[in-house]
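Please look over the sequence and the 3D view before reading on.

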Amino acid sequence: MNYIATFFTHYGAMTFQRLLKGQGKAARMSPVPRALSASCGVCVRFDGQGLSETAEAVDLEGVYQETETGYLQIDSEH
């Protein structure tokens, strides 16, 4: 499954991507989809292997699961 994490700051997104990549997990920064709003305009796309690391994320706004019909919010503001 694919997930999107949105952040209040660009720093939070960069830090989360580095955390996942440092653990050998796939993660990439990209613009936030128009269907989702985010404070800083960038998100981190990752697969389910990185889901447990969201608890360690800095400035996390929300976590969404990508579905065939859109996005399902599964977590918000830690």
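## Aromatic cluster and fold

Y3, F7, F16 and F46 form one aromatic cluster. The coordinates come from a predicted model. The structure contains three aromatic pairs.

A pair of aromatic rings is described by the distance of the centres and the angle of the planes. Two of the pairs are set out here.

| Pair | Centre to centre | Angle between planes | Geometry |
|---|---|---|---|
| Y3 and F46 | 5.8 Å | 25 degrees | stacked |
| F16 and F46 | 5.4 Å | 75 degrees | edge-to-face |

Take Y3 and F46. Their planes stand at 25 degrees, so the pair counts as stacked; the cut-off for stacking is under 30 degrees. Y3 sits in strand 1 (residues 2-7) and F46 in strand 3 (residues 42-47). The pair therefore ties together parts that are 43 residues apart in sequence.

How exposed or buried are these two residues? Y3 has a relative accessible area of 7% and is buried. F46 is buried too, with a relative accessible area of 3%. Both values fall within the definition of buried, which is under 20%.

Now F16 and F46. This pair is edge-to-face, with 75 degrees between the planes. F16 belongs to helix 1 (residues 10-22), while F46 belongs to strand 3. The two residues are 30 residues apart, and their pair links distant parts of the chain. Both F16 and F46 are buried.

**The chain as a whole**

Which elements make up the chain? There are one helix and five strands. Read from the N terminus, their order is β-α-β-β-β-β. The radius of gyration is 11 Å, close to the 12 Å that the globule rule gives for 78 residues, so the chain is as compact as a globular protein of that length. Along the principal axes, the C-alpha atoms fill a box of roughly 30 × 25 × 20 Å.

Contacts come next. Among those with a separation of 6 or more, 59% join residues 24 or more positions apart. Of the 78 residues in the chain, 41% are buried.

**Surface and charge**

The accessible surface of the chain is about 4,400 Å². Carbon and sulfur atoms hold 47% of that surface.

How far apart are the mean positions of the positive and negative charges? The chain carries 6 positive and 9 negative charges. Their mean positions are 11 Å apart.

Conventions
Residues numbered from 1 in each chain as written. Predicted model: local features only at pLDDT ≥ 70, side-chain atom pairs only at ≥ 80, totals over all residues. Heavy atoms only, no water. Helix = DSSP H or I, 4+ residues; strand = E, 2+ residues; numbered from the N terminus. Rg over C-alpha atoms; globule rule 2.2 N^0.38 Å. Buried < 20%, exposed > 50% of the residue type's maximum accessible area, 1.4 Å probe, protein only. Contact = heavy atoms within 4.5 Å. Areas by Shrake-Rupley, 256 points an atom, 1.4 Å probe, with all protein chains shown as cover. Lys, Arg positive; Asp, Glu negative; His and termini not counted. Charge placed at Lys NZ, Arg CZ, Asp CG, Glu CD. Phe/Tyr/Trp six-rings, centres within 6.5 Å; stacked < 30°, edge-to-face > 60°.
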